[in-house]
Amino acid sequence: MTAHGDEMYALVERLYPLCRSITGDGVRATLDIVGEYIPLKVHEVPTGTQVLDWTVPKEWNIRDAYIADPAGNRVVDFRASSLHVLGYSVPVSATMPLAELRGHLHTLPDHPSWVPYRTSYYKPEWGFCLAQETLDALPDGEYEVCVDSTLADGHLTYAEHVVPGQVADEVIVSCHVCHPSLANDNLAGIAVATYLARALAERTPYYTYRFIFAPGTIGAITWLARNAERVNGVSPARAEPRAWGRVKHGLVLACAGDPGALTYKRSRRGDAEIDRVMRHVLTASERPHHVTEFTPYGYDERQYCSPGFDLGVGSLTRTPYAGYPEYHTSADNLDFVSPEAMADTLAVCREAFAVLDRNRQYVNLSPYGEPQLGRRGLYDALGGRSDTKQAQMAMLWVLNLSDGEHSLLDVAERSGLPFDTVADAAGALHGAGLIKA
Ligand code: ZN
């Protein structure tokens, strides 16, 4: 149950201090560390590149930022937490009275000891985020403000890792890498994705699994723009319907380490295979969980499920997007995530992909009356199993529903039998030549 929990937590701890954003060296440093665990192909896309309806922005980098009080003490210090600076702040070096400075300060009056996470990607702005109680303790006077940042032509950075499968058809697993020191909202997802990739590589999976580590929104849009053929089989410029692309299924992973119950948000299609697999696995495992309908909000499922792509991509979180008070604050820290929760999220992903990988449709080659199983040694083959009766029932169900219309998941759901038992039965029947894929 807790496999790799401590290792994933250790990875989150390493990534936590870095100042990530939608571009810049914080993203690169993050990918460098993830690259120690799984090999990554890093892509650098120049500022100004047109990506679907968007343009890759200038690259933001920051070295230091602080507010110093009249006595020269750093009362707000980027070195203490990357959350203290408004993401994408333009550089500033000035002295000003507190009254003027207030217009650039962001606090959370309802949680006076927490520091909010704020950004201003597309409007040139500078600012600081701090605890309300810190602000309340500041005396009037002249304050020195410094943001030592650069906003210049550069690149947007994202990375991919591929676990080759038996077939070229792909499952994508996507997580965002653009949040600074927030543990649940992106680092836990990165850690689970990393260990999921390692687990899948232990034996060659059926599908090819492509992991995407990209900044939220603009990163996913950039990936889609550069992979339109992989996704749709045609370029979006030709405005032809989807269908022939290699990407068959996908999962957006986020908020993977908090103590809440798992939440699966369906794809836009609502009945995609991944939707059915996730619901089945969550229900069969008897974990407390929620399955919710698609909304065009949240994480990058918004992009993958935009109507031109309409991929079978769902989203797995524990507590969903913006669903907890610690969300986008300094309280989403290393205490908010746990090895156990990440291990549980990882376990569910592994169970779901194990089902997805084995789910097939078969056709019964002997559909007129029951074929004689004993003559083919199929009853004997079950002798050693502790679930002989179940396995026998599974064979009868697979034979009965294998009409080319029903998948093994359909068989498992209709029969109430465990998916693995059904898939094993299909394997035995296939071996005996009674069904074909
Ligand atoms: Zn977020």
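## A zinc site, an open sheet and packed helices

In β5, Val-76 is the bridge partner of Ile-67. Before going further, a word on the ground rules. This is a predicted model, in which local features need pLDDT of at least 70, side-chain atom pairs count only at pLDDT 80 or more, and totals for chains, interfaces and linings use all residues. Residues are numbered from 1 along each chain as its sequence is written, and side-chain values use heavy atoms, with hydrogens and water left out.

Back to that strand pair. Strand β4 (residues 59-68) runs antiparallel to β5, and the two pair over 3 bridges; strands count as paired if DSSP finds at least two bridges between them. They belong to an open sheet of 4 strands, ordered β5-β4-β9-β6, with antiparallel pairing. Which strands stand at the edges? They are β5 (74-77) and β6 (92-97), and each has a single partner strand, so one side of each is left without a neighbour in the sheet. On average, neighbouring strands here are turned by 15° against each other, direction ignored.

Zooming out, the chain has 13 helices and 19 strands. These are DSSP runs numbered from the N terminus (H or I and at least four residues for helices, E and at least two for strands). Along the principal axes, the C-alpha atoms fill a box of roughly 95 × 45 × 35 Å. Of the 437 residues, 55% count as buried, meaning under 20% relative accessible area with a 1.4 Å probe and protein chains only. Among contacts (heavy atoms within 4.5 Å) between residues at least 6 apart in sequence, 78% join residues at least 24 apart.

Now the metal. The zinc ion has protein donors lying 2.0 to 2.1 Å from it: His-179 (NE2), Asp-185 (OD) and His-328 (NE2). Donors here are N, O and S atoms within 2.8 Å of the metal (3.2 Å for Na, K and Ca), and water is not among the atoms, so sites may look incomplete. Along the chain the donors are spaced as H-x5-D-x142-H. His-179 and His-328 link distant parts of the chain, 149 residues apart. Both His-179 and His-328 are buried. Their places in the chain look like this:

| Donor | Loop between |

How do α1 and α2 pack? Helix α1 (residues 5-15) meets helix α2 (residues 25-34) at an angle of about 155°, and their axes lie 10 Å apart. That makes the two roughly antiparallel, a label for angles over 145 degrees. The axes are lines fitted to C-alpha atoms over the stretch in contact, with angles from 0 to 180 degrees between N-to-C directions. Leu-11, Arg-14 and Leu-15 of α1 make the contact with Thr-30, Ile-33 and Val-34 of α2.

Helix α12 (residues 408-415) is mostly covered, with 6 of its 8 residues buried. Those are Leu-408, Leu-409, Asp-410, Val-411, Ala-412 and Ser-415, and they pack against elements including α8 (273-284), β18 (403-407) and α13 (419-431). After α12 comes Gly-416, with a positive phi near 75°.

One last stop is Thr-208, found in strand β12 (residues 208-214). Thr-208 counts as buried at 9% relative accessibility. Leaving aside neighbours within four places in sequence, its contacts include Val-162, Pro-164, Asp-169 and Val-171.

Note on methods. Buried < 20%, exposed > 50% of the residue type's maximum accessible area, 1.4 Å probe, protein only. Parallel < 35°, antiparallel > 145°, perpendicular 65-115°, else oblique.
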